[in-house]
Amino acid sequence: MSEIEQVTNEVGALSEKDRLAKTNALIAYGLMVIGFFFLIPGIIGGIWAMVKKEDALGSIFEDHYSNMIRVFWWSIFYAVIGLILAFVYVGYLILIVAGIWAIYRIVKGLARLTSNKAYKA
């Protein structure tokens, strides 16, 4: 292996813990994306993020789990409020704004995750 290839492999290499955290985050993000079309996978994605967060502690992807959990719980909160208020039509606006916010956070997270970057960095 040439010297340039060795340096490239060492700089771009992730530890085993980072690789596992990234894989679990990709699974959770993917399930949350599918959850926009089918409810159950989104719930599973949120639960997956909560269960796997402890495994990601100390990795560069740790804050992705906080993001996913935050999106999961706030989405549920705004969905309930939006559905309750839908009969006065303001609920639809709440649902639309909350959906756009969730899409933004998930797409941003996926973009940073696939670039091997922390969510907030």
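This is a predicted model: local features need pLDDT of at least 70, side-chain atom pairs count only at pLDDT 80 or more; totals for chains, interfaces and linings use all residues.

Let me start with Lys52, which is partly exposed at a relative accessible area of 21%, where buried means under 20%, exposed over 50% and partly exposed in between, with a 1.4 Å probe and protein chains only. Residues are numbered from 1 along each chain as its sequence is written, and side-chain values use heavy atoms, with hydrogens and water left out.

Lys52 forms a salt bridge with Asp55, the closest N and O atoms being 3.8 Å apart; by salt bridge I mean a side-chain nitrogen of Lys or Arg within 4 Å of a carboxyl oxygen of Asp or Glu. Glu16 is exposed at 53% relative accessibility, whereas Arg19, with a relative accessible area of 43%, is partly exposed.

Now to the packing. Two packed helices are described by the angle between their axes and the distance between the axes. The axes of α2 (residues 16–34) and α3 (residues 39–52) come within 6 Å and cross at roughly 155°, the axes being lines fitted to C-alpha atoms over the stretch in contact, and the angles running from 0 to 180 degrees between N-to-C directions. That makes α2 roughly antiparallel to α3, a label for angles over 145 degrees. The crossing of α2 past α3 is left-handed, that is, the near helix is turned anticlockwise from the far one by less than a right angle. Contact, meaning heavy atoms within 4.5 Å, involves residues including Ile27 and Leu31 of α2 and Trp48 and Lys52 of α3.

What is the angle between α4 and α5? Helix α4 (residues 62–85) and helix α5 (residues 90–114) pack at about 170°, with their axes 8 Å apart, which makes α4 roughly antiparallel to α5. Here too there is a left-handed crossing, of α4 past α5, and among the residues making the contact are Val71, Trp74 and Ser75 of α4 and Ala98, Trp101 and Ala102 of α5.

Is Ala102 buried or exposed? Ala102, in helix α5, is buried, with a relative accessible area of 3%. Leaving aside its neighbours within four places in sequence, Ala102 is in contact with Phe36, Val71 and Ser75.

Finally, a word on backbone angles. Most residues other than glycine have a negative phi. Tyr89, in the loop between α4 and α5, has a positive phi, near 70°, and is exposed at 64% relative accessibility. Asn116, in the segment after α5, likewise has a positive phi, near 60°, and is partly exposed at 30%.

Terms used:
Helices (H or I, at least four residues) and strands (E, at least two) are DSSP runs, numbered from the N terminus. Angles under 35 degrees count as roughly parallel, over 145 as roughly antiparallel, 65 to 115 as roughly perpendicular and the rest as oblique.
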